[in-house]
Amino acid sequence: MKKINSLAFILVVMLALFSQISSAKAISDDNVKQYLALSGIDSALDGIPAQMNAMGQQMKITVKDPAQAQRVVDLLLNAWQIEEVRLIVAEHVKENFSTAEMKSLLTWLKSDLARKIKSAEEKAAAANFNQEFMAYMAQLQTTPPTTARVQVIRNFIDTTHIVDHSLNIVMSVAQGTMEGLNAANPEQAVGDEQIQAQLSQMQIMMRPALEQQMVMVSYYIYQQLTEQEIVQYTKFYQQPLGQKELDIMYDGIGQALNYWSTNAFENIAAEFTE
């Protein structure tokens, strides 16, 4: 009887201990909500429908069948369920940060510098981003960046591994597209090995152009920041927490976009193969 009581006591203690550990790692939904808003993830996700519509307008004046192009955009938009997409990112954030890490992130994101930078980064989510970016690119032809600006932007690109992260997101969308097409046409499905081979080839082909684009976009987005502010921003991402945030943030967005593109292209393939 004494052994049973002792075992029961140990189980109770262990349960209490694991409960404390678990609760110590649990991030509140409110903190996750704050993080998504302050980090710019919310505005980036919210801006995607407007960018898809802008893309549709461009397609309609360049393709042979404008009505078909509009239908494709409509299907893409219908598959963009913002609350489902946001939940995927939120759950990924919640599962991968500790409460201490989230507290540090929120403190950083509430600083004046971080708020200024995140405000600048929202330009990338604007519906008129392409037009404004192209106008800025034309301006760079006559007023190129200084040597100091080139160095700090290059250091920022290298430190944040933004090319790798952006490429991974593109590959997530591409993989979702292929998976959606497979689901709609199982008799013509492409095998997993073939999909991975195609993705690897795409990655190699796209990387140089994407790297150049990321550099140019960074010149545009951070044009109102001083070199010192960009240096301070880069320093945050030189820290372990900054690197971890980039990994988790981009991975969560990649998962969400993979989910969307899989559903979208399953619907697109089903409609246009009927």
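Helix H5 passes H13 in a right-handed crossing, that is, with the near helix turned clockwise from the far one by less than a right angle. The model is predicted: local features need pLDDT of at least 70 and side-chain atom pairs count only at pLDDT 80 or more, while totals for chains, interfaces and linings use all residues. Residues are numbered from 1 along each chain as its sequence is written, and side-chain values use heavy atoms, without hydrogens and water.

H5 (residues 82-96) and H13 pack at an angle of about 150 degrees, with their axes 8 Å apart. H5 is therefore roughly antiparallel to H13, a term for angles over 145 degrees. Axes are lines fitted to C-alpha atoms over the stretch in contact, and angles run from 0 to 180 degrees between N-to-C directions. Helices are DSSP runs (H or I, at least four residues) numbered from the N terminus.

In this packing, residues including Glu 84, Ile 88 and His 92 of H5 meet residues of H13, among them Lys 244, Asp 251 and Tyr 259; contact means heavy atoms within 4.5 Å.

The largest pocket has a volume of about 1,700 Å³, the space filled by probe spheres set on grid points joined across faces, edges and corners. A pocket is an open set of points on a 1 Å grid over the protein atoms alone, where a 1.4 Å probe fits, with protein on both sides within 12 Å along at least five of seven lines; lining residues have an atom within 4 Å of a point. Its lining comprises 47 residues, with Gln 51, Ala 124, Ser 166, Ile 169 and Met 214 nearest the centre. H3 gives the largest share, 10 residues.

| Class | Lining of the largest pocket |
|---|---|
| Nonpolar (Ala, Val, Leu, Ile, Met, Phe, Trp, Tyr, Cys, Pro) | 33 residues |
| Polar (the others, Gly among them) | 11 residues |

Conventions: Helix = DSSP H or I, 4+ residues; strand = E, 2+ residues; numbered from the N terminus. Parallel < 35°, antiparallel > 145°, perpendicular 65-115°, else oblique.
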